[in-house]
Amino acid sequence: MHTTRVKLLAVVVGSIALLTACSGSSSKAATNTTSTPPSTAARSGTKGYPLDSTLRLNQIQVLGSHNSYHGQPYPQVLAALKAVNTATAASLDYGHRPIAQQFPLGVRQLELDVWSDPNGGKYAHPKLLQTLHLPPPDPAIMDKPGFKVIHQADIDTHSTCLTFVLCLRTVKTWSDANPGHVPIMIDVEMKDTSVTPATFDALDAEIRSVLSPKALITPDMVRGTDPSLGHAVRTRGWPTLGAVRGRIMFMLDNENFGSVELQGHPSLRGRILFTSSKPGADDAAVAKLNDPIADAAKIKAALAANMLVRTRADADTVQARSDDTKMRDAALSDGAQFVSTDYEVPDPRFGPYVVRIPGGTPARCNPVTASPNCRSTDVENPALLSTGAP
């Protein structure tokens, strides 16, 4: 075999190994004082949202995008990967519109993959792109210090916002222009193989450099005076939409790094990211349960504990290619608050597969946890997006 071909295959095989190592794992809630159906008198809310004083954050359901920053990879990259592993190439063969264009489609939950780069330049020269003589991500951005947002450092580098700060600025710009939106949840996956509490300090600092405290939903806000975040969520519940409309919250995708984020911050005191947890834990507020079919019982248990759940409607382009809606339908009906997809718009190469919130609104009353008198326009009314939070 030609020497150049041998070198290319070696790079691709090594890159696939790295990609595999870095990849993530792909009935009514229990009644308490926070989920009591509001009275008729309580429907006298403000600014067109009559349930904002009673409808809770865990009683809604919104559409999310998976790897929201992900642009379509270079055809040469997909071809090189396909020569070694067809499934890996197929799993990367998708791309989202820029984040600002996803919000008008109803997306209210994002996922960002972040890579620590405190000195700058660490991810500026992807090996596979160099081997294929393809241009690297923008050097003017990649050479500067700060968390980078790409899928895989040596292979899959097309991103519509190459840094965490750039992505957050896009979110802030849209949020400021549409303050009536339901809270946006940003799922953050740390792609480094190891992190320290200082990594989370730096991540929190970048968030605070873009978003003010009044723009955030934090563990401290939800915990209040309760010593335990999990206990506060289970007994008192989440804030009302009226208290958090127009705000942004963050979740750590990596279960294995949750204990690191908690170091020195018991019950996430002072932190911004909620950890992915389980019912009964001290930090039990949010859960990542990506398979709505296999994880149905776990989703039910998490909802009963008043937790917020993120799940997926599809994965690795599989459902879109066959127009298989079983996973999508389960995700919507199981009651997870955040239903993530790669197909907020159909891919014309594959067919009609698409994921939307039923009813055509950006968000709706949660089919499991919401009270019977809730209407989708009580959650988010497109006509009121720019009118401001109550």
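Modeller: Let us begin with histidine 181 in this predicted model, where, leaving out residues up to four places away in sequence, histidine 181 touches Arg108, Trp174, Ser175, Arg245, Gly246, Arg247, Glu380 and Leu385.

Colleague: Where in the secondary structure is histidine 181 found, and is histidine 181 buried or exposed?

Modeller: Histidine 181 sits in the loop between α7 and β4. Burial is judged by relative accessible area, with a cut-off of under 20%, and histidine 181, at 0%, is therefore buried.

Colleague: Which loop holds aspartate 253, and which residues does aspartate 253 touch beyond those up to four places away in sequence?

Modeller: Aspartate 253 lies in the loop between β6 and α12 (258-262), and its contacts, counted in that way, are Glu111, Asp187, Val188, Glu189, Ser276, Lys288 and Arg310. With a relative accessibility of 3%, aspartate 253 also counts as buried. Sequence separation and spatial distance should be read side by side: aspartate 253 and valine 188 are 65 residues apart in sequence, yet their C-alpha atoms are 5.5 Å apart in space.

Colleague: How many residues make up the largest nonpolar core, and which of them have the most contacts inside it?

Modeller: The largest nonpolar core comprises 48 residues, and those with the most contacts inside it are Phe164, Ile186, Val188, Met190, Leu203, Ile207 and Phe250. At least two residues of this core come from each of β2 (107-115), α7 (164-177), β4 (184-190), α8 (197-210), β6 (248-252) and α15 (326-334), while α7 gives the largest share, six residues. Apart from this core lies another, of 27 residues, among them Ile60, Val182, Val244 and Ala370.

Colleague: What is in contact with phenylalanine 250, once its neighbours within four places in sequence are left aside?

Modeller: On that count, the contacts of phenylalanine 250 are Phe164, Leu168, Ile186, Val188, Ile207, Leu211, Leu216, Ile272, Leu273 and Phe274.

Colleague: How do I read the packing of α7 and α8, and at what angle do their axes cross?

Modeller: One reads the distance, the angle and the handedness together: the axes of α7 and α8 come within 9 Å and cross at roughly 35 degrees, and the crossing is right-handed. The contact is made by Phe164, Val165, Leu168, Arg169 and Lys172 of α7 with Leu203, Glu206, Ile207, Ser209 and Val210 of α8. By class, this contact of α7 with α8 has six nonpolar, one polar and three charged residues.

Colleague: What share of the whole protein is buried?

Modeller: Of its 390 residues, 58% count as buried.

Technical notes: Residues are numbered from 1 along each chain as its sequence is written. This is a predicted model: local features need pLDDT of at least 70, side-chain atom pairs count only at pLDDT 80 or more; totals for chains, interfaces and linings use all residues. Side-chain values use heavy atoms; hydrogens and water are left out. A nonpolar core is a set of buried Ala, Val, Leu, Ile, Met, Phe, Trp, Tyr and Cys residues joined through side-chain atoms within 4.5 Å. Buried means under 20% relative accessible area, exposed over 50%, partly exposed in between (1.4 Å probe, protein chains only). Helices (H or I, at least four residues) and strands (E, at least two) are DSSP runs, numbered from the N terminus. Contact means heavy atoms within 4.5 Å. Axes are lines fitted to C-alpha atoms, for helices over the stretch in contact, and angles run from 0 to 180 degrees between N-to-C directions. A crossing is left-handed if the near helix is turned anticlockwise from the far one by less than a right angle, and right-handed if clockwise. Ala, Val, Leu, Ile, Met, Phe, Trp, Tyr, Cys and Pro count as nonpolar, Asp, Glu, Lys and Arg as charged, and the others, Gly among them, as polar.
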